[in-house]
Amino acid sequence: MALLTPEDLENLSSQLEHNNEIVKRVTGLDIMDLCEELYGAQPNSERVGIIPITAGNGIISNFTASLLFIVNYFGFEGFITEHPDVTGYYEAVSQGADIIMMADDHIFTAHNLQKGAIVSNHVATGIIYADIASRFLEASSKDILVICLGRVGYAGACHLAEKGFNVYACDPNKGFLQKAVDELGIKTYCSDDRKKFSMVFEATPNADTISEGMIEERCLVSTPGIPCGLPPEIGKKYRVDLVMEPLVIGVASMLYSVLRK
Ligand code: 2YH
């Protein structure tokens, strides 16, 4: 997954509002209710310590402030540590954090120190975006397309297979595809099949991964990918409902995910 940029994090609040409306319209649940249902848990005054991390490419301006906004929006208490890195970790735990959130260039994690639950942003993001796609009220069948089986896509495909959906997947990496076929029992999607989907979970970091041949009119595309895999002209022509947002939905999934063991 690409490193977030400060520009990705602009207008987080309006992006959240916009996506919340779409999620509610297409699934019947808003993001908060969907998280509660997905994980069977609710926040109970947990304190979230958010630690800036300087490793690798270093601090992304707005990143920890955006996390604090999200933590508060979903009803958790939160604070950003004054110091980064190990000193920040010591500070967070000393100040009574129940949940630690921090990210370097490779992993963004939430760790519930009370419950011993830990999750990566890749897995939590995959699960929630796949789950949103699978809840499409207007779905024409239980067939669902997963585009890309990297860390995000695989986690989502696994969740969908466990939920009993007919999961079809494509990935240019044949090894990834075979692994998912063997481990999850999913089917490979081939454009020659001329099969079209009403539910699509797109998990690539690339633009233009969705073509006309893949989708039904008025389908739902759920994607955390930056840039968006759905070309705008196809989205318009097929009147696609698009759920796509850079941070909030994945972080909500992380927070609720670590509320249970
Ligand atoms: O954006 C990222 C990475 N792509 C990992 C995310 C995995 N989905 N990391 C954010 C780095 C934040 C920085 N270290 C900070 O400001 O603390």
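This is a predicted model: local features need pLDDT of at least 70, side-chain atom pairs count only at pLDDT 80 or more; totals for chains, interfaces and linings use all residues.
Me: Where is S45 placed, and what is its phi?

Reply: S45 sits in the loop that joins α2 to β1. Its phi is positive, near 60°, and S45 is a residue other than glycine.

Me: Which residues does E46 touch, leaving aside neighbours within four places in sequence?

Reply: A contact is counted when heavy atoms come within 4.5 Å. By that rule E46 is in contact with F76, E77, D98, I99 and L259, once neighbours within four places are left out.

Me: What about M214: buried or exposed, and where does it lie?

Reply: M214 lies in the loop between β9 and β10. It has 9% relative accessibility and so counts as buried. Beyond four places in sequence, its contacts are L145, I147, Y189, K195, K196, F197 and T209. The C-alpha atoms of M214 and S198 are separated by 9.0 Å, at 16 residues along the chain.

Me: Now the helices. What span should the twelve residues of α6 have?

Reply: The expected span is 1.5 Å times one less than the number of residues. For α6, residues 151–162, that rule gives 16 Å, and the end C-alpha atoms are 17 Å apart, which agrees.

Me: Which residues of α6 are buried, and what do they pack against?

Reply: The buried set is V152, G153, Y154, A155, G156, A157, H159 and L160. These residues pack against the helices α2, α5 and α7 (174–184), and against the strands β6 (143–147), β7 (166–170) and β9 (197–202). After α6 comes G164, with a positive phi near 90°.

Me: What does G175, in helix α7, count as?

Reply: G175 belongs to helix α7. Its relative accessible area is 44%, so G175 is partly exposed. From G175 to L149 the C-alpha distance is 9.8 Å, with the two 26 residues apart in sequence.

Me: How many residues has α1, and what distance does it reach?

Reply: Helix α1, residues 12–27, has 16 residues. It reaches 21 Å from first C-alpha to last, close to the 22 Å expected. Its buried residues are L12, L16, N19, N20, I22, V23, V26 and T27. Their cover includes the helices α2 (31–39), α3 (63–73), α5 (121–134) and α9 (248–257), along with the strands β10 (215–222) and β11 (241–243). G28 follows α1 and has a positive phi near 90°.

Me: Which peptide bond is cis?

Reply: The bond from I226 to P227 is cis, with omega near 0°. P227 is in the loop between β10 and α8, the helix of residues 232–237.

Me: Turning to the whole chain, what radius of gyration does it have, and what would a compact globule have?

Reply: For 261 residues, a compact globule would be near 18 Å, and the chain has 18 Å, so the two agree. The C-alpha atoms fill a box of roughly 55 × 35 × 35 Å along the principal axes.

Me: How many helices and strands make up the secondary structure, and what share of the residues is buried?

Reply: There are nine helices and eleven strands. Buried residues make up 53% of the 261. Of the contacts with a separation of 6 or more, 61% join residues 24 or more positions apart.

Me: What do the surface and the charges come to?

Reply: The accessible surface is about 11,800 Å², with 51% of it belonging to carbon and sulfur atoms. The chain has 20 positive and 34 negative side chains, and the centres of these sets lie 9 Å apart.

Definitions and conventions:
Residues are numbered from 1 along each chain as its sequence is written. Side-chain values use heavy atoms; hydrogens and water are left out. Helices (H or I, at least four residues) and strands (E, at least two) are DSSP runs, numbered from the N terminus. Buried means under 20% relative accessible area, exposed over 50%, partly exposed in between (1.4 Å probe, protein chains only). The radius of gyration is taken over C-alpha atoms; the globule rule is 2.2 Å times the number of residues to the power 0.38. Accessible areas come from the Shrake-Rupley method with a 1.4 Å probe; for residues, only the protein chains shown count as cover. Lys and Arg count as positive and Asp and Glu as negative; His and the chain ends are not counted. The place of a charge is taken as NZ of Lys, CZ of Arg, CG of Asp or CD of Glu.
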